[in-house]
Amino acid sequence: MSVAIRLTVNGERHDLTVGATETLVSVLRDRLGMTGTHKDCCMGICGSCTVLVDDRPVSSCLLLAAQIDSQSVRTVEGLERDGSLSPLQEAFLTFGAVQCGYCTPGFLMTATALLEENPRPGRAEIVEALKGNLCRCTGYKKIVEAVEAVANG
Amino acid sequence: MSSHWTEPEGEKFALGTLAEQAHWKREYRRIVEGVRGRLPDVGDAGGTVGQPIPRNDALYKVRGRARYAANIEMEGMLHACFVRSEHPHARILGLDTSKAEKAPGVRAALTAADAGEELIGTLVADTPVLARDRVRYAGEAIAAIAADTPAQAAAAAQLVAVEYEPLPAILTPEEALAEGAVEIDPEGNVLIALHNERGDIEAGLAEADLVLENDYAMAQIEHCFLEPPAGIAFVDPDGVLTVMVCTQYPHYHHKQIARVLGRPMDKVRVVQTVVGGGFGGKMDNTVEIAVALLALKTERPVRMVYTREEVFTATTKRHPMKVKQRLGATRDGKFTALDAEYLLDGGAYRSYSITVSGRCVIHAGMPYMIPNLRVDLTTAFTNHVPCGAMRSFGIVKTAFALECQISEMAERLGLSPIEIRRRNGFVDGDTTATGQTLHDVGLLKTLDALEPIYRKRKAEIAAAPKVGSLRRGLGVACLGYGIGYSGVRNPSTARIRVDGEGTVTAYCGTPDIGTGSDMSLAQIASQAAGVSVNRVNVVSGDSTKTDDSGPTSASRTTYFSGNAALIAGRDFRRRFEAAVAGKLRAPADRVRLEADTVTVDNEAMSFKEACRLVADEAPGIVGYGKFDPDIEADILTLKGNPYPTYTFATHLVEIEIDEALGSLALARVWAAHDAGTIVNPIGSEGQIEGGVAQGLGQAVMEKVVRENGYVVNPHYRDYLLPGAKDVPLDIECIFVDNYDRTGPYGAKGVAEVSLIPIPAAMAAAVADASAVRPARLPMESEYLLRLIERRDGAKP
């Protein structure tokens, strides 16, 4: 069974016919060619596929595209503005929060949502917000420091 | 055939148009200079080695532009998957793919009949590409399907009919070694047995005032790189079979694919894609041969991406290990003897078991001077997924046993855990158990750096009131670790060239697997060449562009490839100076390239101007560097000089244990490392912090659970990884001042070692806090609770 949906992805409107069981991550990667959103566990645990749906972070591997008809989706590709990195992207670069980079887009989206909702989170709030994203390379310290630096302006 | 490649073939990042590339290059420089202070444009006299320069690949990774293998799309591309064994040990009586081949979208089915007779494997080729008449573990590949979509391939795989005759499955090394056991390998069930001895073990034990005897056991660990293995193969119009794959060692696959497919080397190209974590797990065989064979069979590009479940059930693991060990010491804490027996579960094929085993034997007793030592190791085949290389090649486990026993010895003798290590730790001129004399040993400096912190926290914890069932404790553990392959030569090479515009390219054979090694090599090469680091592009991990310089593993890239880049950089500088001298008809010794400037007597021109001057000769100005230190060791006793240098460290950890729950938390870590000169402190800190996190995982939560030959927790839901709330932010990296005379600008290597001391230090801290001595990994709460209950039960 297929379903017609309309999604706004990073501000751009897409009219799509998707399978009833097609996940959002598949639509982003396989139909729209937006491969910045990564796939790993496909069980909503690792956070590699985190995107924002109506500004809230979700695991796009667990969400069916048909469930979010007419909603807005933001991905890592939508973070930069006019050829400049977002402050978070810049901080991830300068603080060494990126190693292999596979988890990076997910962390960026989770942290973006956090700072939009709470621009001045404390360290504990940052850690709490990031607990649903796994990183195997960095040990998290530099990721938390990068988010903290942006929060502290 | 339609294998159109829309962007430059082999580019690791979706770079965009030339204008976009130029824009982002400027952005990168602006960001780096603005936030971290100006990036110095200086040469050998004051280059960037030692400076925390942010990695340039991070720019593309934060933009979502990194081309991991699963992100590569090609026109007409097919999707492949494996059909895997349902039995841990069975004969294959029949295999029928006819139904699968007729399923919707299916373009090809591959079986052993398509794969030829050649076996594959890293050190010993012992593994069939696809199982032919027998499977040795549940999850072994038997067939592969290529179809128009991943779902069609997966559905068709279910239609492949395999007729099995189950055989008895050997599930432990003890069963494998028992008399009359079913033979897993044609050469028997002993995968490898090694022995080393120094001094007189019985005399050493007799001389001791105290001998401790303990058993230790450590569970199987999965690497859990977040990017599941993936690769894509296609044949280009010139007939070159290209395989793009996430790997730590593209040149290994290049040779193996050519051999197995019977294809000339120049008709095979292996390109490393951006690697989403390796940790030793991406040095082995995954998708490469299957996608190559399917691409040839279908004449279409073929991609395969593993599922997370496949990563758990069918990729190599860290060996489960048992250690039985006696350690003797005199009353004043001098070690007199170490008698160790290691028993490893190697799984169904050899993979890197021989390397892991050798490293365990060489490192027995490391980093301490123990005059009498005996070590016996046996690695047995079992019907489990093969065990291979993983960060530290087994040393995290042998170190767990040794360091736990030393901590216990210190307590029994009334010495501080730092003092007992100082009394026995290696110093310059000491010889290892294999007979190697050591140089530039910074171990005692790491102990000295931690001692004041240890004393201060010890007093503070003792003075603090105890809250409920929470207890705090401190633990210490050391490590010594050989850099590079064990006991065999493993040279690295580098080539450096320039164009008329002043862009310098360094071709290095060892690939960046996510650690930032390309950045470190750029820093070393630019400093040696006398040009700005901004000019240098590192090209690595492409079989047609770089030489085989071994894998990125064994903490060897900074040291081996760094030395090669250093030699190549200096060679380049000399040749460039000679070329400028030739153009200006000046004596060569009057021309100097330094700090991105060429000076001829008192006149100066920029490097870029000089490049224009020599533009017509630029393609011939190639600096070459090869680093191939003397390495020699006996293959059975490992006697000799197995490594060119060793890196050392001591970790001090503070833990909190809840004695009511048995839960164990890592609160703080002070990690003191002698890694020689630190090339890039952000990178080295990142390696250490990440190693601490992995050490924590192995210490308290990670365990592959196998039942009757099956992995029963093949998901993150049941195999727990440390998250942001588990890993402490209080990790202090201390780099002690040391210079390795054989390293590039004095550097050694730091990548693997930071995980090694964590489990042992945490176990010692548990003993400090709760007076129980864990001897098993992971230290799960049920286990710790049982130890605490036993302790309390033993009280009067």
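1. The C-alpha centres of domain 2 and domain 4 of chain B are 38 Å apart. This is a predicted model. The two domains do touch: domain 2 of chain B supplies 14 residues to the contact, and domain 4 of chain B supplies twelve.

2. On the domain 2 side of that contact, helix H7 (250-261) and strand S13 (268-272) of chain B are the elements that give two or more residues. By class, this side has seven nonpolar, five polar and two charged residues.

3. Now the domain layout. Domain 1 of chain B covers 18-71 and domain 4 covers 492-633. Domain 2 is written in three pieces, 78-167 + 227-276 + 282-314. Domain 3 runs over 321-432 + 441-485 + 635-794.

4. Which residues of helix H4 (residues 150-157) of chain B are buried? They are B:Gln152, B:Ala153, B:Ala156 and B:Ala157. Seen down the axis of H4(B), they fall within an arc of 135°, so they line one face of the helix. An α-helix has 3.6 residues a turn, so residues three or four places apart point the same way.

5. The buried residues of H4(B) pack against strands S1 (78-84), S3 (106-110) and S7 (141-147) of chain B, and against helix H3 (98-101) of chain B.

6. The chain contact takes 47 residues from chain B and 44 from chain A. On the chain B side, helices H1 (18-36), H2 (57-62) and H17 (681-700) give two or more residues. H17(B) gives the most, with seven residues. The chain B side divides into 23 nonpolar, twelve polar and twelve charged residues.

Note on methods
Residues numbered from 1 in each chain as written. Chains lettered and ligands numbered in written order. Predicted model: local features only at pLDDT ≥ 70, side-chain atom pairs only at ≥ 80, totals over all residues. Domains from an automatic or database assignment. Contact = placed C-beta atoms within 7 Å. Helix = DSSP H or I, 4+ residues; strand = E, 2+ residues; numbered from the N terminus. Nonpolar A, V, L, I, M, F, W, Y, C, P; charged D, E, K, R; others polar. Buried ≥ 20, exposed ≤ 12 C-beta atoms within 10 Å, placed from the backbone. Arc of directions from axis to C-beta.
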